[in-house]
Amino acid sequence: MVDIQPYEYRRRPLVEPDWTRFPGWRDVTREQWESAQWQRAHCVKNARQLHDLLGTLVGDEFYADLDADQRGLATMSMLVPPQMLNTMVPDRVPDTQAFYADPVRRYMIPVASDRHADWPSHPYATRDSLHEHDMWVAEGLTHRYPTKVLAELLSTCPQYCGHCTRMDLVGNSTATVEKLKLSLKPVDRYDAMISYLQAHPGVRDVVVSGGDVANVPWKNLESFLMRLLAIETIRDIRLATKALVGIPQHWLAPDVVEGLERVARTAARRGVNLAIHTHVNHVNSLTPLVARAAQTALEVGVRDVRNQGVLMRGINATTPDLLDLCFALQGETGILPYYFYMCDMIPNAEHWRVAVWQAQALQHDIMGYLPGYATPRIVCDVPFVGKRWVHMVTEYDREHGISYWTKNYRTSIEREDANALVRHYPYYDPIDTLGHYGQTWWRKQAEAATAA
Ligand code: SF4
């Protein structure tokens with residue numbers, strides 16, 4: 001008789017890793033650690049600062065590898081808050097091998113040797129792969145779905161993730177990517193967004209994002225949210241902030257908590273669903289401080305805190321990794337496991353991306369363990385389509401790694417397009433996940449394109 005389950009659940013309490021194991025933080029006090037200001041002032045922004053922190057714990061080859069990535073491949077500049085760094089190799093003093101292997105390091109501090117040597121980018125990878133900028137109806141306001149908009153209030157975050165899907169706009173320019181710049185003054189940008197929403201009562205749901213709303217000065221964010229709440233047709237507001245896990249200290253700062261309570265109270269009075277959406281990719285990122293920040297948001301009246309992680313090879317694309325993360329979110333922090341997005345088709349991301357069939361297998365394998373309402377959906381954000389559950393694929397050419405998807409609404413750039421709802425929209429698996437035939441086919445395509 002077989003009585004072993006493919007996954008065994010064990011409750012594990014959250015632990016704040018001991019930051020004094022890093023030589024550069026040997027004398028950092030709890031008071032400093034829990035200050036958002038201290039966290040922001042001590043972010044690591046380059047290989048030299050990382051070296052100052054870790055010293056010889058990590059060999060010189062790592063710093064050279066990081067430098068090579070920053071000079072030739074990175075689509076995001078480096079910005080890692082101490083809180084996030086402290087969740088890398090959380091249970092011991094790191095060494096070179098453990099630091100290389102760490103799942104949080106793999107996406108927050110990518111190095112050149114992480115990238116795929118033959119196919120660092122898919123031939124169809126693009127900046128702004130979701131065409132959010134093309135769908136701007138006012139600066140920073142993407143109208144892609146009929147009833148929902150994305151409001152990018154600013155283009156910065158308190159942390160920069162290597163795989164950022166908004167690499168076109170977010171963060172500082174890198175050696176390889178000159179970033180798009182927002183041109184309006186923030187106050188004019190917010191005015192234009194509010195005017196659009198007042199004039200379009202069919203839009204009921206606003207994702208207030210960026211960047212990360214944790215970088216909007218609180219009084220400006222509160223004023224924008226209060227103006228949104230004054231529009232009677234807006235029924236859902238979601239605040240997008242990875243800082244809940246990157247710098248939970250921000251969401252625990254007294255002025256932010258008090259302001260959030262005022263906004264939540266107003267939302268409740270007007271019957272608007274106010275939620276926070278955060279972005280956690282690995283269970284190691286969840287610590288008691290993160291749990292405290294999420295619980296505080298719930299206590300002051302935010303209706304839900306939900307997680308939208310990104311599914312990435314080498315970080316979380318296994319059944320135990322996903323379930324460990326989801327159980328800790330659901331059971332230890334009060335954050336609802338909501339979505340995992342397949343990593344988007346941006347440049348130099350092939351080593352992180354998974355194929356649609358792999359995502360389907362993972363969705364299959366995580367079913368039945370978590371409560372149904374807390375079982376995340378794994379979704380593919382198909383260019384020109386939007387989020388589709390991974391099993392909604394219409395056709396799938398596994399040999400070439402091309403899946404085809406359909407949709408049931410027009411985006412803001414397809415109002416005149418008679419075929420928008422009958423077209424099949426392609427999405428591409430990473431080439432290294434294909435068989436010999438598929439890989440050869442793509443190589444020949446690339447050679448032909450170079451020769452032309
Ligand atoms: S927090 Fe979000 S917007 Fe900012 S870099 Fe990370 S993925 Fe991009």
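Reader: What span does helix 13 reach from its first C-alpha to its last, and what span is expected?

Author: The model is a predicted one. In it, helix 13 comprises residues 288–299, twelve in number. Its end-to-end C-alpha reach is 16 Å, close to the 16 Å expected at 1.5 Å a residue. The expected value is 1.5 Å times one less than the number of residues.

Reader: Which residues of helix 13 are buried, and what makes a residue count as such?

Author: They are Leu289, Val290, Ala291, Ala293, Ala294, Thr296 and Ala297. The term requires a relative accessible area under 20%. Just after this helix, glycine 301 adopts a positive phi of about 115 degrees.

Reader: Why is histidine 250 called buried?

Author: Histidine 250 has a relative accessibility of 10%. The cut-off for buried is under 20%, so histidine 250 counts as buried. This residue belongs to helix 11, residues 248–252. Residues up to four places away in sequence aside, histidine 250 touches Ala36, Arg40, Ala214 and Val256.

Reader: Why is serine 121 called partly exposed?

Author: The relative accessibility of serine 121 is 23%. Serine 121 sits in the loop between helix 7 (103–108) and strand 1 (136–138).

Reader: How do you know that the side chain of serine 121 lies within polar-contact distance of asparagine 348?

Author: A polar atom of the serine 121 side chain is 2.8 Å from the backbone nitrogen of asparagine 348. The distance limit for a polar contact is 3.5 Å, so this pair lies within it. With neighbours within four places in sequence set aside, serine 121 is in contact with Pro347, Asn348 and Glu350.

Reader: How many cavities of 30 Å³ or more does the structure hold, and what lines the largest cavity?

Author: There are three such cavities, and the largest cavity contains about 850 Å³ of space. Its lining consists of 38 residues, of which Thr165, Arg166, Ser209, Gln308 and Tyr341 are the closest to its centre. Among the elements that each supply at least two lining residues are strand 4 (205–209), strand 7 (304–311) and strand 8 (336–342).

Reader: What is the make-up of that lining by class?

Author: The lining of the largest cavity has 16 nonpolar, twelve polar and ten charged residues.

Technical notes:
Residues numbered from 1 in each chain as written. Predicted model: local features only at pLDDT ≥ 70, side-chain atom pairs only at ≥ 80, totals over all residues. Heavy atoms only, no water. Helix = DSSP H or I, 4+ residues; strand = E, 2+ residues; numbered from the N terminus. Buried < 20%, exposed > 50% of the residue type's maximum accessible area, 1.4 Å probe, protein only. Contact = heavy atoms within 4.5 Å. Polar contact = N/O pair within 3.5 Å; in protein donor to acceptor, adjacent residues only side chain to side chain. 1 Å grid on protein atoms, 1.4 Å probe; cavity = no way out; pocket = protein on both sides within 12 Å on 5 of 7 lines; lining within 4 Å. Points joined across faces, edges and corners; volume = space filled by probe spheres on them. Nonpolar A, V, L, I, M, F, W, Y, C, P; charged D, E, K, R; others polar.
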